[in-house]
Amino acid sequence: MTNLLEVRGLKTQFFTQNGIVRAVNGISYTLKEGECLGIVGESGSGKSVNVLSLMRLIPTPPGKIVGGEVLFKGEDLMLLPMDEMRRIRGAEIAMIFQEPMTSLNPVLTIGFQVEEALKLHKGMDSKAARERTAELLTLVGIPNAIERLDDYPHQFSGGMRQRVMIAMGLSCDPALLIADEPTTALDVTIQAQIVDLVKELRKKLGMAVIWITHDLGVIAGLAERVIVMYGGYIMEEALVKELYARPRHPYTIGLLGSLPRLDAGEGAKLTSVRGQPPNLVNLPDGCPFAPRCDFVGERCTQKMPPLEEIGPGHRVACWEKEKTEGMKPHAR
Amino acid sequence: MGRYIVQRFLWMFIVLFVISMITFAMMHAVPGGPFTQEKALPPEIIANLEKRYHLNEPYWKQYLLYIDNVMVPHISKDAAPEMVDEALVEISLPGGNYLRWINFGPSYSSRSRTVNDIFREQLPVSIQLGVISMVVAITIGLPLGVISALKQNTIWDFLGMSVAIFGVSMPVVAMGPILIWIFGVALKWLPPTGWGAKPPFTLFFIPNTLGSWDFWKHTLMPAFAVGTGYSAIIARLTRASLLQVIHEDYIRTARAKGLSERIVTTRHALRNALIPVVTILGPMFAGVLTGLFVVEQVFGIPGMGKYFITSITNRDYPVIMGAILMYAFFLVISNVFVDITYAWLDPRIRYD
Ligand SMILES: Nc1ncnc2c1ncn2[C@@H]1O[C@H](COP(=O)(O)OP(=O)(O)OP(=O)(O)O)[C@@H](O)[C@H]1O
Ligand SMILES: [Mg+2]
């Protein structure tokens with residue numbers, strides 16, 4: 001299968017008054033057509049900046065993509081003139097954002113906001129766009145969609161707004177849908193509904209998905225492959241099953257340890273990753289996880305380890321990866 | 001919406017009542033009276049004058065008399081009443097009767113005129129100038145603010161905001177004469193003083209010369225002198241508001257859709273950014289209207305400003321009362337107008 005997306009050495013920084021924020025530090029990964037890739041990591045690990053960089057939606061200033069290539073269908077998005085980039089946004093790559101409450105324009109109707117993309121990319125006239133919008137809203141599970149086209153975002157609940165965002169994202173049949181923590185702001189039952197919805201739509205429409213979350217539990221049922229990010233680096237990458245069965249990076253092990261498990265049995269304690277997330281301003285040399293790591297060694301504070309293949313499709317960036325061989329996350 | 005507007009108008013009556021009471025009380029609390037002059041009049045004459053204008057009555061009675069004259073329609077027989085009884089609304093009824101309503105009383109200092117005369121002849125001129133000044137302020141201020149925001153921290157932003165600061169810090173007393181000197185005296189493009197519209201006016205304030213250059217050649221300089229100062233306020237607020245909106249999540253959504261920057265700005269950002277700008281337009285219009293005195297003096301415009309200022313020094317009670325109530329009336333009206341615009345801009349606001 002060919003690669004739909006190939007990210008090579010992507011590096012994005014924010015030039016703020018307090019110094020340079022190294023949000024994404026030269027990460028590389030790929031995505032096959034129709035594949036679902038999960039990106040996990042705690043708050044501030046650079047997940048959003050990563051995907052916003054793909055879309056070239058980083059606010060500039062203060063942000064800047066300082067290096068790297070993003071090959072989408074073989075074409076480097078970073079080199080495209082802006083008007084061609086706009087032809088990709090919304091049409092080829094669509095995005096759903098973290099905050100459903102604020103991601104829709106409060107003064108424009110739901111219908112208008114979905115129609116807008118259809119008119120722009122599909123050249124539909126108002127009538128056709130409106131009909132298609134009603135179909136899309138029905139598809140994402142909004143009851144009485146036709147009657148709700150002229151409603152405004154404030155008349156929708158958070159979960160409904162996120163469905164509208166999904167409808168908007170799907171409207172032009174994108175090859176890639178990026179969902180940036182689409183369920184974090186929603187309550188648990190709605191979360192499950194949205195996850196199921198995307199799963200079902202993927203089956204129906206066959207698009208590739210990048211699903212960002214800091215909840216490893218959500219990823220398990222959805223993604224085929226997972227990337228674990230920390231401090232703007234990819235720490236580990238593996239197929240979902242492999243990652244759950246044989247996590248190798250100490251951070252991943254910690255993350256999985258903080259996940260409740262049904263098979264852990266009575267008395268098993270939940271652990272969490274100790275310490276604080278790193279400050280991305282003045283990031284020290286070496287591995288950003290070193291200050292919080294139980295396995296920290298000599299080299300860890302001096303040089304960032306390379307992301308090395310340790311098994312089929314399983315890559316880890318850790319100097320001390322021998323020590324974690326055969327570890328079970330809940331056995332700490 | 002309709003109900004809301006009706007409600008607002010009912011409220012307006014209450015507000016105007018309260019204002020009339022406060023004004024009346026304050027006016028009489030200030031020492032001196034309309035007939036106190038440097039060269040004292042003989043006491044008999046003062047007594048006579050006071051009797052004629054009911055100033056010898058107790059205050060509460062004077063106040064009720066005033067309210068009665070303004071608010072209550074009166075029906076009387078005679079066709080040409082004495083000037084003190086002149087009313088703004090006069091309808092002839094069958095049987096030779098006349099219905100008269102809204103009588104703001106006489107002016108004490110210019111004996112040949114009534115407050116209604118001032119409302120008919122001077123107030124419309126001030127409103128014309130005020131409205132056109134607001135239009136100037138908006139047409140200069142909005143684009144300036146938008147450009148400054150979109151080109152934040154570039155030479156355009158710097159230039160725009162310099163113009164804005166210049167506008168705020170340039171008082172009309174300075175700006176007026178400079179304009180007169182350049183366009184009136186040196187270039188001779190525009191007449192230095194005067195006004196191009198005379199009563200009667202259509203619908204109370206629309207000049208019948210509205211379509212002619214005669215009207216506009218007198219309007220441009222004073223409206224510009226007043227408008228630039230206010231345009232600066234609008235420009236700075238628009239800039240700040242747009243800069244804030246441009247960082248909102250829904251703007252990112254609009255960009256993620258692939259929309260061009262122009263559409264993102266005009267369709268998605270501007271309408272949201274205008275909401276706070278519209279809010280200040282109501283009070284601003286009131287400020288423009290009540291502050292026209294200076295510009296009317298500089299450009300020799302027969303507006304209301306002079307009467308309002310001199311009425312206070314002259315203790316010309318009916319003019320003070322009338323002017324303040326009229327200004328308050330326009331303040332309320334312009335705020336209702338703002339509220340309607342507000343609801344139109346922001347669907348989250350509904351009045352029902
Ligand atoms: N506009 C900005 N200006 C300055 N710094 C920024 C900006 N946007 C992001 N950052 C910084 O980049 C880093 C990565 O942020 P990012 O939003 O990618 O985190 P995240 O992994 O998506 O976290 P979360 O789970 O909270 O969404 C953070 O340290 C953040 O402070
Ligand atoms: Mg994020």
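The model is predicted, so local features need pLDDT of at least 70 and side-chain atom pairs count only at pLDDT 80 or more, while totals for chains, interfaces and linings use all residues. Residues are numbered from 1 along each chain as its sequence is written, chains are lettered from A and ligands numbered from 1 in the order in which they are written, and side-chain values use heavy atoms, with hydrogens and water left out.

Ligand 1 has 18 residues around it, with Ser43(A), Gly44(A), Ser48(A), Gln98(A) and Glu181(A) coming nearest (near: a heavy atom within 4 Å). Oxygen atoms of ligand 1 pair up with a backbone N or O atom of Gly44(A) at 2.8 Å, a polar side-chain atom of Lys47(A) at 2.9 Å and a polar backbone atom of Ser45(A) at 3.2 Å. On its own, ligand 1 has 630 Å² of accessible area, and the protein covers 70% of that (Shrake-Rupley method, 1.4 Å probe; for residues, only the protein chains shown count as cover).

Over at the interface, 21 residues of chain B are in contact with 25 residues of chain A (heavy atoms within 4.5 Å). Together the two chains bury about 2100 Å², 60% of it on carbon and sulfur atoms (accessible area, 1.4 Å probe, lost on being put together and summed over both parts). There are three salt bridges between chain B and chain A (a side-chain nitrogen of Lys or Arg within 4 Å of a carboxyl oxygen of Asp or Glu). One of them joins Lys257(B) to Glu116(A), at 2.7 Å from N to O.

Definitions and conventions:
Polar contact = N/O pair within 3.5 Å; in protein donor to acceptor, adjacent residues only side chain to side chain.
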